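Work through the exercises below with the model open beside you. Each task comes with a stepwise solution.

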Amino acid sequence: MQKFSIDDSPLTSEYGIHIGRWEQYAAASGLPFSAMWCQVPANSQSVLDNHPEVELAVVVGGDAVFTVNGEDTAAPAGSAILLTPGDRHVITAGDEPVRILSIYWLPGDAAPAGAEPEGAEPADAH
């Protein structure tokens with residue numbers, strides 16, 4: 001068993017927030033996905049981002065608002081947002097910091113057969 005904790009992870013400033021990539025954990029090297037901790041400081045937001053990966057963002061602390069392709073979605077702790085390749089997104093925190101576990105992969109690389117999001121383009125199309 002291996003435990004991963006945002007509290008024990010060094011975070012760096014990226015995308016206007018604080019990031020802790022799971023490459024820092026030796027035990028994570030064989031996983032079929034990439035992951036990172038994200039912490040959005042109180043009363044701030046990430047920069048606008050988009051990428052070719054599918055991303056599952058699990059809110060593990062605080063209340064976030066995800067603005068995806070111009071639409072706002074409230075995401076309190078315990079909820080998850082699934083982003084498809086190319087989704088333009090910003091994460092906003094209110095009066096308290098937001099903590100997120102971001103799990104991501106290129107479509108077709110690590111996702112089980114048939115799990116590619118509907119309408120997703122192949123990764124080499126970007």
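**Exercise 1. Fold inventory**

Task: How many helices and how many strands does the protein chain have?

Solution. Step 1: assign elements, taking DSSP runs numbered from the N terminus (helices H or I, at least four residues; strands E, at least two). Step 2: count them. The protein chain has 0 helices and 9 strands. Step 3: read the order. From the N terminus on, the elements run β-β-β-β-β-β-β-β-β.

Keep the ground rules in view: this is a predicted model, where local features need pLDDT of at least 70, side-chain atom pairs count only at pLDDT 80 or more, and totals for chains, interfaces and linings use all residues. Residues are numbered from 1 along each chain as its sequence is written, and side-chain values use heavy atoms, with hydrogens and water left out.

**Exercise 2. Burial and contact range**

Task: What percentage of the 126 residues counts as buried?

Solution. Step 1: set the classes. Buried means under 20% relative accessible area, exposed over 50%, partly exposed in between (1.4 Å probe, protein chains only). Step 2: apply them. Of the 126 residues of the protein chain, 37% count as buried. Step 3: turn to contacts (heavy atoms within 4.5 Å). Among contacts with a separation of 6 or more, 63% are between residues 24 or more positions apart.

**Exercise 3. Nonpolar cores**

Task: Which residues touch the most other members of the largest nonpolar core?

Solution. Step 1: define the set. A nonpolar core consists of buried Ala, Val, Leu, Ile, Met, Phe, Trp, Tyr and Cys residues joined through side-chain atoms within 4.5 Å. The largest core has 18 residues, and V59, A64, F66, V98 and I100 touch the most other members. Step 3: locate the contributors. β2, β3, β4 (54–61), β5 (63–68), β7 (80–83), β8 and β9 each give two or more residues to this core. Step 4: look beyond it. Another core lies apart, with 10 residues, among them Y25, A28, I103 and W105.

Step 1: inspect one member. Leaving out residues up to four places away in sequence, A64 touches V59, T73, A74, A75, I91, T92 and V98.

**Exercise 4. Aromatic pairs**

Task: Which residues do ring pairs link into a cluster?

Solution. Rings of Phe, Tyr and Trp (its six-membered ring) pair if their centres lie within 6.5 Å; planes under 30 degrees apart are stacked, over 60 edge-to-face, the rest tilted. Step 2: count. Step 3: classify W22 and Y25. Their ring centres are 5.6 Å apart and their planes stand at 80°, so this pair is edge-to-face. Both W22 and Y25 are buried. Step 4: classify W22 and W37. Here the centres are 5.7 Å apart and the planes stand at 50°, so this pair is tilted. The pair links distant parts of the chain, 15 residues apart: W22 is in the loop between β2 and β3, W37 in strand β3. Step 5: check accessibility. W22 is at 9% and W37 at 7%. Step 6: join the pairs. The cluster contains F4, W22, Y25 and W37.

**Exercise 5. The largest pocket**

Task: Which residues lie nearest the centre of the largest pocket?

Solution. Step 1: define the space. On a 1 Å grid over the protein atoms alone, a pocket is an open set of points where a 1.4 Å probe fits, with protein on both sides within 12 Å along at least five of seven lines; lining residues have an atom within 4 Å of a point. Step 2: size it. The volume, the space filled by probe spheres set on the points, is about 250 Å³. Step 3: list the lining. It has 17 residues, with Y15, M36, D49, H51 and E55 nearest the centre. Step 4: assign sources. β2 (17–21), β3 (34–40), β8 (89–93) and β9 (98–105) each supply at least two lining residues. The largest share, 3 residues, comes from β2.

**Exercise 6. Positive phi**

Task: What is phi of Y15, and where is Y15 found?

Solution. Step 1: recall the background. Most residues other than glycine have a negative phi. Step 2: read Y15. Its phi is near 60°, a positive value. Y15 is found in the loop between β1 (12–14) and β2, and is partly exposed at 36% relative accessibility. Step 3: read N43. Phi of N43 is near 55°, also positive. N43 sits in the loop between β3 and β4 and counts as exposed at 58%.
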